[in-house]
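Biologist: Can you put the model up? I'd like to go through the spaces inside, then the packing.
Modeller: Here it is.

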Amino acid sequence: MTDLAEKRKDHATLIVTGPDQSGLVSTVTSLIARNNGSIVSLDQHTTDPEGGDFFQRVVFRKEGLSATSPDIRADIASTLEPLGMQFRLEEQKVLKRMAVLVSKSDHCLLELLWRHQRGELPVSIPLVISNHTDVAEAVRSFGIPFFHVPSQGPDKSAAEARLIELLAGNVDLVVLARYMQILSEKFLDDVQVPVINIHHSFLPAFIGAGPYRKAKERGVKLIGATSHYVTKDLDEGPIIEQDVTRVDHTMTAGDMQARGAYVERAVLSKAVRLHAEDRVIRHGNQTIVFD
């Protein structure tokens, strides 16, 4: 067990969603108490107390959690499912396995690897995949396996098949750290895990190549980044995290791009942390984020 997993031992995260109704908070806290759990933190949100949707995240500690988690899970199911509620119970010591896909730009990738090395991201990283070899040595210097999967030409089916071969069943999350390839709907169906992307926040303006040059020509005063879940609708998935920074007339397009890269690094690493800590609940094309 890693040091990070050891620190998270005997801690669990319970996610509860469903129709809001009277007494839900008491029901959840009572079932944790009767299973000898101690609540560490509790967050909740309702879209409307009368007929709205209810969202809750509870972290609790229970000594000997792994041995008793099947009984706790059964109690949660028998208590909440008759109320029309759905739930997830995650043992925090079980780190999510995260694959990173990247092209040539390494700023987001290296931020993730550095934070992971420092124990700031509660994930394991079994592999990094790129359609180029530029970042291979940097990845290997962190002791993480690197795989080169070329993706050239209009037909990406062979490349995506190789990606699925490497990823399916082996990871719990895929992060696109400036992976400059459009993934097909078939890939998203086949990989069967959440996929998180990062991009500059100019979209839907300044589509295509040279967005910072276009922003400079337009006199933009704010630049930023958006991290979201990937869906079949390009760059329109549920947003996890965003941030902005100011720029001015003295900055070149290159200056703006450098500052934008800094924001991208921070936004993506935070989005990954939020997901890895089960702080994000998807609700249609929106997210409920308990930060």
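Biologist: How much space lies in the largest cavity?
Modeller: About 50 Å³, in what is a predicted model.

Biologist: Which residues line the largest cavity?
Modeller: The lining is made of Ser 151, Lys 156, Ala 159, Glu 160, Leu 163, Tyr 179, Gln 181, Ile 182 and Leu 183. By class that gives five nonpolar, two polar and two charged residues.

Biologist: How many cavities of 30 Å³ or more does the search find?
Modeller: Two, over the whole structure.

Biologist: How many charged residues are in the lining of the second largest cavity?
Modeller: None; the lining has five nonpolar and two polar residues.

Biologist: Which elements give two or more residues to the lining of the second largest pocket?
Modeller: β1 (11–19), β4 (86–91), α9 (253–276) and β12 (280–283). β4 gives the most, with five residues.

Biologist: How do the residues of that pocket lining divide?
Modeller: Into 10 nonpolar, five polar and eight charged.

Biologist: Now the packing. How many residues are in the largest nonpolar core?
Modeller: There are 32, and Leu 109, Val 128 and Leu 268 have the most contacts inside the core.

Biologist: Which elements supply at least two residues of this core?
Modeller: The helices are α4 (107–117), α5 (136–140) and α9. The strands are β5 (96–102), β6 (123–130), β8 (173–176), β9 (195–200) and β10 (222–229).

Biologist: Which of them gives the most to the core?
Modeller: α9, with seven residues. α9 also gives two or more residues to the lining of the second largest pocket.

Biologist: Rings, then. How many aromatic pairs are there?
Modeller: The count comes to zero.

Biologist: What about a charge over a ring: which residue sits over Tyr 229?
Modeller: Arg 282 has its charged end over the Tyr 229 ring, 4.7 Å from the ring centre.

How values were computed
Residues numbered from 1 in each chain as written. Predicted model: local features only at pLDDT ≥ 70, side-chain atom pairs only at ≥ 80, totals over all residues. Heavy atoms only, no water. Helix = DSSP H or I, 4+ residues; strand = E, 2+ residues; numbered from the N terminus. Nonpolar A, V, L, I, M, F, W, Y, C, P; charged D, E, K, R; others polar. Phe/Tyr/Trp six-rings, centres within 6.5 Å; stacked < 30°, edge-to-face > 60°. Lys NZ or Arg CZ within 6 Å of the ring centre and 35° of its normal. Core = buried A, V, L, I, M, F, W, Y, C linked by side-chain atoms within 4.5 Å. Buried < 20%, exposed > 50% of the residue type's maximum accessible area, 1.4 Å probe, protein only. 1 Å grid on protein atoms, 1.4 Å probe; cavity = no way out; pocket = protein on both sides within 12 Å on 5 of 7 lines; lining within 4 Å. Points joined across faces, edges and corners; volume = space filled by probe spheres on them.
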